Amino acid sequence: MLRVSVKSRDALKSFELFSGKKESISKQKMEGQSSVEKRVIVVAMDGSTEAESALLWFANNIYKKGDEVVVVHCLHHTAHYTMGFWAPVDAQAVARAFEEESKHATKVCSQLTDLLHKYEIVGKVMQLQGDPGHQIVTTAEECRASFIVVGCRGIGVIRRTVLGSVSDYIVHHSNIPVLVYRH
């Protein structure tokens with residue numbers, strides 16, 4: 001299932017650029033020379049198989065040579081911040097957990113770089129820290145992205161209501177088109 005969110009006219013233009021609904025590449029005449037508008041695409045990846053499926057679908061259906069692809073992976077330590085509320089906290093245990101999560105995030109980013117090469121996508125991988133939804137939307141705005149691609153795990157209504165969904169957050173808070181890939 002594929003879901004796309006378009007909220008404004010500018011976003012609709014971006015959607016038309018990536019979907020091929022009009023011209024696949026916008027050309028402008030400037031001083032007798034034509035310039036090609038470069039697409040910047042942010043792909044949110046959490047290391048899951050759903051995210052990898054979204055990247056593969058993107059590579060096969062949307063990606064074009066010349067696109068600037070920014071793959072983002074977000075490290076979020078929230079569970080450790082609330083530990084002391086529920087149980088006594090061992091500061092060293094929390095520090096070890098932070099370190100292990102950081103090492104895991106570095107490993108995931110290395111695997112994502114390998115996936116870019118495997119799928120012949122030219123791009124870069126960025127490791128972010130903080131709330132994933134907010135960080136992805138902020139990074140897309142800073143990169144002046146044309147659109148965001150994100151996978152969806154399909155975690156269920158109750159769990160999504162309690163924990164929230166990164167893809168839902170991005171769809172509701174992004175000012176650019178969001179492609180949610182659900183496999």
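This report walks through the fold around strand β5 and the cysteines.

The model is predicted, so local features need pLDDT of at least 70 and side-chain atom pairs count only at pLDDT 80 or more, while totals for chains, interfaces and linings use all residues. Residues are numbered from 1 along each chain as its sequence is written, and side-chain values use heavy atoms, with hydrogens and water left out.

The protein has eight helices and eight strands; these are DSSP runs, with helices being H or I of at least four residues and strands E of at least two, numbered from the N terminus. Of its 183 residues, 37% are buried, where buried means under 20% relative accessible area, exposed over 50%, and partly exposed in between (1.4 Å probe, protein chains only).

Now for β5, residues 68-75: seven of its eight residues are buried, so the rest of the structure largely encloses the strand.

| Partner | Sense | Bridges |
|---|---|---|
| β4 (residues 40-44) | parallel | five |
| β6 (residues 123-129) | parallel | seven |

On the β6 side, M126 is the bridge partner of V72.

What about disulfides? The count is zero, taking a disulfide as a pair of cysteine sulfur atoms within 2.5 Å. C74 is buried at 16% relative accessible area, whereas C143 counts as partly exposed at 23%.

Terms used. Two strands pair if DSSP finds at least two bridges between them.
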